[in-house]
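Below is a short report on the pockets, the ligand site and some backbone features of one protein model. Keep the structure open while you read.

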Amino acid sequence: MQKKIEVGVLGATGMVGQHFVKFLQGHPWFELVWLGASDRSAGKKYRDATSWRLSGLMPEPAANLMVEECKPGNAPRLLFSATDSSVATEIEQAFARAGHIVVSNSKNHRMDPDVPLLVPELNPDHLKLLPLQRQRRGWRGAIVTNPNCSTVVLTLALGPFKPFGIRRVIVTTLQAISGAGYPGVASMDIMANVIPYIGGEEEKIEVETQKILGEFAEDRIQPLEAVVSAHCNRVPVVDGHLAAISVEFSHKPTQAEMSAALQQFHPRPQQLELPSAPPRPVIYMPECDRPQPRRDVERENGMACFVGRLRDCPVFHYKFLALGHNTVRGAAGAAVLNAELMYQEGLLEE
Ligand code: NAP
């Protein structure tokens, strides 16, 4: 690439915004040149507007950028969005209307029928919704979303098995505290404890999974007909959502067929060698006590899904564990991978 593509971040001062700033540092294709937040932060340098909560220092080039209001004007065409969900609908639509490509991490537009809910390894063809989105809404720009941080772990783990006909899924999550943002869950609640409730999470996992694993059908996404039941728990882990999954298929595959499906899974981002795509998106760990959040979640730059303990299920067909990095693969890294796929597919051109 001759010249890098200029990008910006909406909601750059927040927790997910900071992950975007960190993840984009040194990106081979994208150069972060613009940061937006509320009027509380606008007019200040990023270093002064932001309480940096991530490990490592705030990247110096970003620290010196002036934060602007989240209003269309001089922002670059490609924007990553991490705005608060109370304002994301209006902000993202205003930028799309003004011709920006908004690659969003917020929940607001994920289930809109004309908005791709993209996991590049699973449903790159859902980007075919974009011409319809532009036509229906009269936008020059577009909105593309990534899933909830638990949904991406579940769908990546199920993706290789989709050819077997997924019928029913039960998933129990053990979710890290970083998924609740900052300050998140009170320490008195989470230390040496488990909180068996995360508001809205179970519903999101159930419907987002059906959309992501659904099929593009001319002018809409036909959701996967499988039923998904989720139990969500917050656990005292810093980073990494673990999911215990039971699945039933149309016909039970053999263990060898399940293993072969995992081994042979080599989808589009890996074929294209996108910069943020791990060489293998779903990695099977044969050890009897893996994957574990503390030991495994940082591997592959936090972009892979780790699967383990694949075994027969006496109720459904198989059960297994899956682990993913909730703030990387479940947030900033997911959105950047979406934009990389869009670039490679020629969808960032005016
Ligand atoms: P956060 O830390 O509260 O940050 C919110 C961001 O939105 C800040 O940059 C804030 O700017 C900005 N903002 C607030 N009101 C605004 C307004 N009126 N106009 C423009 N910008 C405004 O939230 P977060 O945890 O990063 O979450 C951001 C989004 O990502 C949410 O939609 C959330 O649902 C989603 N998400 C979060 C996680 C996670 O792990 N936390 C995971 C997946 C998805 P100021 O600093 O100026 O107030």
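The largest pocket holds about 1300 Å³ of space. The model is predicted, so local features are described only where pLDDT is at least 70. Lining this pocket are 48 residues. V16, A82, T83, D84 and S85 are the ones nearest its centre.

Four helices each bring at least two residues to the lining of the largest pocket: α1 (15-24), α4 (85-97), α8 (201-212) and α12 (328-344). By type, the lining splits into 13 nonpolar, 24 polar and 11 charged residues.

Where does the largest pocket lie relative to domain 1 and domain 2? It lies between them, because both domain 1 (5-148 + 332-344) and domain 2 (149-326) give residues to its lining.

**The second largest pocket**

The volume here is about 810 Å³. The lining of the second largest pocket counts 38 residues, and H19, K22, H325, T327 and V328 lie nearest its centre. Elements giving two or more residues to this lining are α1, α7 (187-190) and α12. Of these, α1 gives the most, with four residues.

The lining of the second largest pocket comprises 18 nonpolar, 14 polar and six charged residues. Domain 1 and domain 2 both contribute to it, so the second largest pocket also lies between them.

α1 and α12 each supply at least two residues to the lining of the largest pocket, and both give two or more to that of the second largest pocket.

**The ligand site**

Around the ligand are 22 residues. T13, V16, S38, R40 and S41 come nearest. V16 is also among the residues nearest the centre of the largest pocket.

| Residue | Protein atom | Ligand atom | Distance |
|---|---|---|---|
| M15 | polar backbone atom | oxygen | 3.0 Å |
| S41 | polar side-chain atom | oxygen | 2.5 Å |
| D84 | backbone N or O atom | oxygen | 3.1 Å |

On its own, the ligand has 900 Å² of accessible area, and the protein covers 77% of this. D84, which makes one of the listed contacts, is also among the residues nearest the centre of the largest pocket.

**Backbone features**

Most peptide bonds are trans, and most residues other than glycine have a negative phi. Some places in this model depart from that pattern.

The peptide bond from Y182 to P183 is cis, with omega near 0 degrees. P183 sits in the loop between β7 (166-175) and α7. Another cis bond runs from R290 to P291, with omega near 5 degrees. Here the proline, P291, belongs to the loop between β12 (282-285) and α11 (293-296).

What is the phi of A192? The angle is near 55 degrees, a positive value in a residue other than glycine. A192 is placed in the loop between α7 and α8.

Key:
Residues numbered from 1 in each chain as written. Predicted model: local features only at pLDDT ≥ 70, side-chain atom pairs only at ≥ 80, totals over all residues. Heavy atoms only, no water. 1 Å grid on protein atoms, 1.4 Å probe; cavity = no way out; pocket = protein on both sides within 12 Å on 5 of 7 lines; lining within 4 Å. Points joined across faces, edges and corners; volume = space filled by probe spheres on them. Nonpolar A, V, L, I, M, F, W, Y, C, P; charged D, E, K, R; others polar. Domains from an automatic or database assignment. Near = heavy atom within 4 Å. Polar contact = N/O pair within 3.5 Å; in protein donor to acceptor, adjacent residues only side chain to side chain. Areas by Shrake-Rupley, 256 points an atom, 1.4 Å probe, with all protein chains shown as cover.
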